[in-house]
Amino acid sequence: MKDPIKVAIIDDHPMVITGIQNMLAPCPHIEMIATYESGDNLLQDLAGQQPDVLLLDIQLPGMKGDELAEKIRQQWPAVKILAMTGFDTPFYVRNMLEKGCLGYLLKNTVQATLVHAIETVNRGETYIDEALKEQLLQHVLKIKKPAAANTPPVLTRREKDILRLIVQEYTSQEIADTLFLSLRTIEKYRLNMLQKLHVRNTAGLVKAAISMGITE
């Protein structure tokens with residue numbers, strides 16, 4: 001009999017962790033070896049033991065999921081990462097795969113899909129949630145089309161407000177507090193601007209803002 005697949009979870013919501021544990025409990029070929037609620041604890045533990053598959057939440061306090069994925073890929077490349085999230089946007093899928101994840105799964109998945117995703121990633125193969133494959137394909141086809149020459153992106157008033165605060169080095173949480181919005185809403189605005197302005201990170205947003213004359 002083959003050794004069971006050793007799995008660990010990192011998610012800052014205990015109910016999510018408990019739910020995943022309950023879904024995997026009936027599976028004799030999958031062994032849950034650890035759970036974590038912070039990136040720091042995970043990185044400390046990985047120095048001593050590594051799972052075969054790590055179920056990684058994207059939105060974590062402190063160090064974000066893509067930062068963790070990149071660190072893990074560099075230090076423990078044998079750990080296969082399966083991102084689990086509620087974000088069903090192609091940008092996040094591509095970003096997490098580029099950072100070293102082998103799979104991307106939505107948190108509303110059923111048990112059979114979760115088990116299949118873990119098995120697939122454990123074999124070193126890529127798994128993308130079926131609900132996202134068509135979106136990802138359309139996104140890839142769209143970005144391959146030549147953009148209209150010299151067509152400036154159009155930002156909403158709220159996006160401009162957020163961009164000004166980003167230029168002023170406000171964190172996402174500080175922006176949310178200043179504008180009386182939720183952190184999740186700010187992250188969605190940030191994602192939309194990354195896509196509109198065709199940049200990859202905060203530095204790119206700042207450069208775009210300066211070139212558009214959107215500063216303080």
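Here are a few questions and answers about this predicted model.

The model is predicted, with local features needing pLDDT of at least 70, side-chain atom pairs counting only at pLDDT 80 or more, and totals for chains, interfaces and linings using all residues. Residues are numbered from 1 along each chain as its sequence is written, and side-chain values use heavy atoms, with hydrogens and water left out.

Reader: Is Glu-187 buried or exposed, and at what relative accessibility?
Author: Happy to start there. Buried means under 20% relative accessible area, exposed over 50% and partly exposed in between, with a 1.4 Å probe and protein chains only. Glu-187 counts as buried because its relative accessibility is 8%.

Reader: With which residue does the side chain of Glu-187 make a polar contact?
Author: Contact means heavy atoms within 4.5 Å, and beyond its neighbours within four places in sequence Glu-187 is in contact with Gln-59, Lys-64, Tyr-92 and Ser-172. A polar contact is a pair of N or O atoms within 3.5 Å; within protein, one must be able to donate a hydrogen and the other to accept it, and residues adjacent in sequence count only if both atoms are side-chain atoms. At 3.2 Å, the side chain that makes this contact with Glu-187 belongs to Ser-172.

Reader: How far apart are the C-alpha atoms of Glu-187 and Ser-172?
Author: Good follow-up. Along the chain these two residues are 15 residues apart. Between the C-alpha atoms of Glu-187 and Ser-172, the separation is 7.1 Å.

Reader: Which residues does Tyr-104 touch, leaving out those up to four places away in sequence?
Author: Tyr-104 touches residues including Ile-58, Leu-82 and Ala-83. Also among them are Tyr-92, Val-93 and Met-96, which are buried in α4.

Key:
Helices (H or I, at least four residues) and strands (E, at least two) are DSSP runs, numbered from the N terminus.
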